[in-house]
Amino acid sequence: MEQNNYQLDLLKAKNAQLTKSEHIYRIVCESSDYGYLYQCLGSDEILAFGSFDKMFGVEVHRTRDFEELLEKFHDEDRKAVLETLTPEEYGREFSTCECRSENGHIWYRIITRIGKSDDVFEGKDKIITFMNITKEKARHSDLLYMAYYDMTTGIYNRNYFVSLLTEFIARADIDKCRISLLMIDIDDFKKINDVQGIIIGDELLQQFGFWLKGKMVKDRIICCHINNDIFCVAIYDATGAYSVENFYNDLKKRLSESFIMSSGQEISITASVGVAEYPDAGGSALDLINCADIVVYNCKKMGKNLLQYFEAPILDDFLKNVDIENKLKEAAFNNNFMMYYQPQYVAKTRRLRGVESLIRWKDDTGKMIPPSVFIPIAEKNGLIDHIGHFVVDESLRQYKKWSEFYNIHFKLSINISALQYKKDDFVDSIMALIDKNGVDPSDVELEITESILIDDFESVTAKLTRLRNYGVSISLDDFGTGYSSLSYLKKFPIDTLKVDKSFIDTVLDDASTRIITESILNMSRAMGFETIAEGVENERQFSYLVGAGCDVIQGFYLGKPLPSEKIDELLSHMK
Ligand code: C2E
Ligand code: CA
Ligand code: CA
């Protein structure tokens, strides 16, 4: 009796334990995102667990119910699904597939495992797991997209383009043909970004990218977005209808019409195109891209909106610039520059009005490199900040010495690069240097160029006004070569206009230059600007300009740029 009671208790306890563990398994199973089907092989009965019902909304109790389940999958995937659900017919113990829902919107992974039965069931257990992998698939396709396409424009990205171009090159060796690589760089894109904002900038790139996409021809023309405003096109066997000329004509035709933004705004652009050809310009995809890049850079220097082919002299020039750039870094580090000063004279009296300070640099071999060569390089690589600071500080130091020693005041004109001017702390740093050197601000004149004025009007004017209020005067250099008209200049607080040397060069021989020069001088006078003619080289030019009412004359005729000792001689004679 006792024995029976004991066995009953044991049974109850085991039962409770079983109920509990079954409960736990059920909770775990039901809360799973996966759906399960269980079948004991040999029996036709099937049990569903987990999210199976939620996933498919069909009841599967017997193998014949698979028919109804299969309908829930895409018709192209049904065969694979059936093979996965019933692997025993194919002698497999483990089977899996990825498949789509009937409408193709959802992705599933199905895994079927067949294991050895435990004591509970006879034969083998078959467990089929259904997983929703839509998100995983989307992530994968995003990654795949990112690996080949550019996110802004939707055309190929640089990496994929390079690999396709490499394939082109391999094919061209067999076909014995050429490949033309065009690098297209949108002119003044930075201005569009700065003035219109990057949203418009991006939309413009998208529209241009979309146009390029339409130019692609399988196995013949591929296009990519390299970065920012630069695109590349590779044309395999660029002949006949696929010639570079044809492509460029199409491009020009497209750019002759404006791009219309979603805001309705119309934007017109031009582009500079550099062409490098395989095998002449380089033997690899990267070589070709680098060469085309150098050509584009050259196009920009030559005035933009044009197409240029790669030639050896362009590369030589480029390498020379790289050499200069390296030497310039070292020179800037050691402040290895000198300032020269060119006198400016009042036209009517020939009295000294002032000096323009001009930088001079001898490289390590003693060769003089002109500022027109190294200043643009310094502007490009950022050295201009350092060099500009040296120029201002050194000129002021020298001027202070002259002014004290000879007890004299004249104008010290200092050239300011647009990039220097654009710095937020430009005005503060100029004032600090003038204070440090103890120079009277009204003796200082800053020469700026028109390119500064076309920037944000408010901030340009605020800076000019602060400088003017401090006592410094402003002179507009190279007037007549840029964009601004005289009436436009009226808006800015400017004191002096320097008529560009190119006018002076031809003023005596060319009637239309004469008309322009005279009207500049007349209007400037009417508007209250002082005028300086620069690059006056001979007596005839000098007399003409004095007669035409120019206020100040600067040029080799009256004095070349001189080292400070020579200016000392000049000043001591004036005493
Ligand atoms: P710029 O400001 O227009 O300077 C006038 C240039 O014309 C100087 O060339 C000067 O030597 C030259 N020049 C003056 N009179 C005559 C003449 O009668 N005939 C001829 N053929 N040339 C004359 P430079 O010194 O070679 O400077 C070239 C340019 O480099 C300057 O043009 C200026 O834009 C830039 N630059 C020179 N020094 C500096 C500087 O210290 N800072 C900055 N930011 N730029 C500078
Ligand atoms: Ca100047
Ligand atoms: Ca000038």
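Visitor: Helices (H or I, at least four residues) and strands (E, at least two) are DSSP runs, numbered from the N terminus. With that in hand, which strand gives the most to the shell around ligand 1?

Guide: That is β15, with four residues in the shell. This is a predicted model, in which local features need pLDDT of at least 70 and side-chain atom pairs count only at pLDDT 80 or more, while totals for chains, interfaces and linings use all residues. Side-chain values use heavy atoms, without hydrogens or water, residues are numbered from 1 along each chain as its sequence is written, and chains are lettered from A and ligands numbered from 1 in the order written.

Visitor: How many residues surround ligand 1?

Guide: There are 21 around ligand 1, each with a heavy atom within 4 Å of it. Arg360, Asp477, Lys501, Glu537 and Phe556 are the closest.

Visitor: How far is the polar side-chain atom of Arg360 from an oxygen of the ligand?

Guide: The distance is 2.8 Å; a polar contact here is a pair of N or O atoms within 3.5 Å. Glu356 has a side-chain N or O atom 3.2 Å from an oxygen atom of ligand 1. For Gln342, the side-chain N or O atom sits 3.0 Å from a nitrogen atom of ligand 1.

Visitor: Which elements give two or more residues to the shell?

Guide: Those elements are β14 (338-346), β15 (352-362), α12 (371-381) and β19 (473-479).

Visitor: Changing topic, what are the domains?

Guide: The domain assignment, automatic or from a database, lists domain 1 (20-134), domain 2 (149-310) and domain 3 (331-574). Between the C-alpha centres of domain 1 and domain 2 there are 52 Å.

Visitor: And the six-stranded sheet, what is its strand order?

Guide: The sheet is open and runs β6-β8-β9-β7-β12-β13, with mixed pairing. Strands count as paired if DSSP finds at least two bridges between them.

Visitor: Which strands are at the edges?

Guide: β6 (156-157) and β13 (307-309) are the edge strands. Each has a single partner strand, so one side of each has no neighbour in the sheet.

Visitor: In which sense do β6 and β8 pair, parallel or antiparallel?

Guide: They pair in the parallel sense, over two bridges, and β8 covers residues 221-227. Tyr156 has Cys224 in β8 as its bridge partner.

Visitor: Now the backbone. Is the peptide bond from Tyr278 to Pro279 cis or trans?

Guide: The bond is cis, and its omega is near 10 degrees. Pro279 belongs to the loop between β12 and α10.

Visitor: What about Asp237, is its phi positive or negative?

Guide: Positive, near 50 degrees, in a residue other than glycine. Asp237 sits in the loop between β9 and α9 (244-256).

Technical notes:
Polar contact = N/O pair within 3.5 Å; in protein donor to acceptor, adjacent residues only side chain to side chain.
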